[in-house]
Amino acid sequence: MDSKNTSKPVGVIGAGSFGTAIANILAENSDVVLFARKQEAIDEMHNLRISNGQTLHHKVTPSNDLEYVASNCDIIFPIVPSSNFREAIKDLSPFLHPYHILIHGTKGMDISLPNNSSIEDDDLILNRENVRTMSEIIRDESVVVRVGCLAGPNLAKELADNQPAATVVASHFDEVIEEGKRLLRNDRFQVYGNSDLIGVELCGVLKNIIAIASGALSGMGLGENARALLVSRGMVEMIYLGRALGGNIESFIGLAGVGDLVATCSSTLSRNFTVGSRLAKGEKLEEIMRSMEETAEGINTTRIVKKLADNYKVRAPITQMLHKVLFEDLTVEDALQYLMKYPLNVDIDFL
Amino acid sequence: MQPSGTKKDRKIYEPILPGPKEWPVVQLSKHRKQFIQEVIDETVKKINSLASDKSSLVEEIEQTLYKEKLRIKQNPWDIDPEDEPLFWARVKSKLVQISQNSNGEGAELVGTVLNDITQRYANEIAGNFKQSRYKIARSVATFGFSRLLNASRVKGFSSLWSNQLTLQDKIHLTGEAEHLRKLAKIGTVVMVPTHFSNLDSILIGWVIQALGLPPFIYGAGLNLFNIELFSYFMDSLGAYKVDRRKKNLIYLETLKTYSTLAIQKGCHSLFFPGGTRSRSGKIETKLKLGLLGTALEAQRLNFEENPESTNKIFIVPVVLNYHFVLEAPSLINDYLKSKGQERYYVESDQYSNSYKIFAFLLKFFTKGSDISVSIGRGLDLFGNYVDDEGNSLDKHNRTIDTKDYFISNGKVTYDRQRDSEYTKMLGAVIVREFHRINRVFSSHLVAFTAFSVLRAKYDNLDLYSLLRLPEEDLIIPYKEFREKFDLLRKEVFKLHKKGKVNIAPHLEGDLEDVIDHGLSNVGMYHSKRPLLKNKEGDIITKDLNTLFYYHNRMDGYGLKKYF
């Protein structure tokens, strides 16, 4: 397919597995500049046309020059882990202008705490202002206002295999949604629009907690009844939390919410799922983290969201129990026991 | 303890433009007819582009007709022109003609009807700035008020002609006054003040003049023109009329076009972005974005006409602070009623006639209750601060080219939805700035403390039950009150240090003095005082509703958690 956008290439920041997959999808419609920070990654892309195990589309050009990316691309997709996200945007920021459009694909949260306090403090009270979604980081750190995000059931390995899938582009700006659709859409990739940017970001963030729990159930050898129970109660918990943090309920029952939740809870491919599964088999968190190449966003998210739920008095038993398992040495079996005895049994009370 | 302005507050400002000839508003009124025609043409063009075809345009006109007839029947005002029913009857008969005539003639007729309606609205809205009147109003305001002031403050017969005290002693101008003057010289300023009292318009008019700025145009509620005194002032200060009863598309578009074009022509403008006076006494948090959007539109049109245009529009937030709001009792009643559970009868509007207003002004100037006007830093239309040269700055003080906000694929483009999103963003920044430059007065803080203590004491009651409690249940022991006040004041100082709020100098005095100052000033002219000390020295209230009103002023700073 030839480029519909005659003028400029599209930028992708971050050549991880998802970033590479998105770059390849974008390349079906436009020229793409794929930024990687590490020289080895750039070399591999140049010499072997491979990034993160995926063969690069011929229209993808590697680069490790942020200024080059910003001055040549009006539309940029930052897809870097949440722990590096703020730094990446800070580095990019001097080259950005209000005409840029940024659509990120990172499903995590960022915290900025006052000096001398840490997320590991038990008595830390975490406020919404201390916690930023990725779009909020972009707004904080740059002059770009036309911001959007990608979220949905988009397991990188399946995208790389060219399997059919769909995603949500969320933004307050119709223009951003339309550009996202134009750039991403192809015969195997469908794109939906949503104006609830924060809600859609939170979907992607919160589902990672449930994904770890799902992995844990699977690691214990439990079957589909248990998983279905977790997915549907997890959904309710996501809605409570999402609402408290500024999202709309509607987004959670869409593709980015329930869609992504089902995919990550069922797929053994997901990093978060793997963490849960290995925990259930008795491994310690440190060992698991050490042996993983890319971050499982759900671990950090659980820590943050637990504190937020405490502060805003949101009922979030799954998050709470998972927090105990991850950081307070509770066994997966005991956590499950607790949840099965949880007294509040209202099915739906938010619609 | 009588707080007074510092020397800086009392500075005299030279006019930034030499004479009235250069005032954009004078230019506008000189070419009034031509300008109105421009408004009509632009509005008709816009409405045609909004309506997808002839039938939807006819539908729009039918809607307008229906709403207007309903308004004339259900909500007539004295100032409504007498030929209104006739005009709309004619519109109706033309619509009948159109429905019988589905060919080309019909389409032409639709055009005429739309033009007629727009023309009527545009003429109705248009201000009528008269230089001579402006001068009179201005001298009445400054000369008259300072006479009163001197007569009351400086004793002795001859003091009536003394110039020892001026309005500046009464009204403290703080904040970015010089910055505002610079911006008004290099671009077009849109001032956006908070709105608590009908006095605001007069006060702002005085501030603009005192700063040496040329007159600003602004949309004033048509209802105010019912009262002669206000009508006189506002007509002469360059006000155009906004009729809030008319909510049809044609009217709203005409109004917006009027504002957009005037700003484009360089007329400094004033919007009360809260729309109406704050009913609850809270600083506005939800702004009406319609008129604010016209500033953005004017800026975009400037860029469309000339991409290199340096004609920039600046937004300047302003916060007005009073110890006392004359209308407080009726405003808070409105608020409580609108929340659905109040059943008092509503007192008549305190501003019902010129005499009452004059009586109030006399009281105000003779008894002394200070007012402060905080001028915020200039913003561009996207919420970025601007420097004295009008450059937009990002958080790292890098210059931003604001044209870039309108650019897609390298060109300035029009995207209605994008513009409205920008206006929302700007609204949020204005709200933040309001809270930041708001000056805490002793009276605000005593009201907040007292009401919050009572609220916490009866936390099992809902607001309405609380407000119905008898007076004898509403006594706060002085010691408890002082402790809480002390705590809150410290928190306010902390917020001030973080740059999240401003404070009046009188707030920093000795604890007891500040409390006394607050108690004697909070709602000082109400017949039922919101706060008093009883014989035992404890704190009592005669009117919990107005106390609630004054307490609301400190809403939005996260101070509730201390109760």
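**First stop: a lysine in a loop**

Start by selecting Lys38(A), which sits in the loop between strand 2 (32–35) and helix 2 (39–48) of chain A. Bear in mind as you look around that this is a predicted model. Is Lys38(A) buried or exposed? With 10 C-beta neighbours inside 10 Å, Lys38(A) counts as exposed.

Now widen the selection. UniProt, in an unreviewed entry, lists Lys38(A) under "binding site" along with Ser17(A), Phe18(A), Arg37(A), Lys107(A), Ala156(A), Arg271(A) and Glu297(A).

**Next: another lysine from that list**

Click on Lys107(A), in the loop between strand 7 (101–104) and strand 8 (110–111) of chain A. This one is buried, with 30 other C-beta atoms within 10 Å.

**Over to helix 8 of chain A**

Select residues 197–219 of chain A, which make up helix 8. Lys207(A) lies in this helix, and the unreviewed UniProt entry places the feature "active site" there. Lys207(A) counts as buried, with 33 C-beta neighbours inside 10 Å. Leaving aside neighbours within four places in sequence, its contacts are Met238(A), Asp260(A), Leu261(A) and Thr264(A).

**Zoom out: two domains in chain A**

Colour chain A by its domain assignment: 10–195 for domain 1 and 199–340 for domain 2. Their C-alpha centres lie 23 Å apart, and the contact takes 30 residues from domain 1 and 27 residues from domain 2. On the domain 1 side, pick out helix 4 (82–92), helix 5 (134–141), strand 10 (146–151), strand 11 (165–171) and strand 12 (189–194), each of which supplies at least two residues. Strand 11 gives the most, with 3 residues. Colour that side of domain 1 by class and you get 17 nonpolar, 10 polar and 3 charged residues.

**Where the chains meet**

Show both chains. How many residues of chain A are in contact with chain B? There are 11, touching 13 residues of chain B. By class, the chain A side has 5 nonpolar, 3 polar and 3 charged residues.

**Into the core**

Nonpolar side chains tend to be buried together in soluble globular proteins. The largest nonpolar core here has 231 residues. Those with the most contacts inside it are Val12(A), Ile13(A) and Leu26(A) in chain A, plus Val190(B), Ile315(B), Val316(B) and Ala450(B) in chain B.

Centre on Ile315(B) next. Apart from neighbours within four places in sequence, Ile315(B) is in contact with Val190(B), Val192(B), Ala295(B), Gly378(B), Leu379(B), Leu381(B), Leu426(B) and Ile430(B).

**Last stop: helix 8 of chain B**

Select residues 177–186 of chain B and show the side chains of Ala177(B), Leu180(B), Leu183(B) and Ala184(B), the buried residues of this helix. Then turn the view to look down the axis of helix 8 of chain B: the buried residues fall within an arc of 120 degrees, so they line one face of the helix.

Notes. Residues are numbered from 1 along each chain as its sequence is written. Chains are lettered from A and ligands numbered from 1 in the order in which they are written. This is a predicted model: local features need pLDDT of at least 70, side-chain atom pairs count only at pLDDT 80 or more; totals for chains, interfaces and linings use all residues. A nonpolar core is a set of buried Ala, Val, Leu, Ile, Met, Phe, Trp, Tyr and Cys residues joined through C-beta atoms within 7 Å. A residue is buried if 20 or more other C-beta atoms lie within 10 Å of its own, exposed if 12 or fewer, and partly exposed in between; C-beta atoms are placed from the backbone. Helices (H or I, at least four residues) and strands (E, at least two) are DSSP runs, numbered from the N terminus. Two residues are in contact if their C-beta atoms, placed from the backbone, lie within 7 Å. The arc is that of the directions from the helix axis to the C-beta atoms. UniProt positions are given in the numbering used here, feature names are shortened, and annotations may be inferred rather than shown by experiment. Domain bounds come from an automatic or database domain assignment. Ala, Val, Leu, Ile, Met, Phe, Trp, Tyr, Cys and Pro count as nonpolar, Asp, Glu, Lys and Arg as charged, and the others, Gly among them, as polar.
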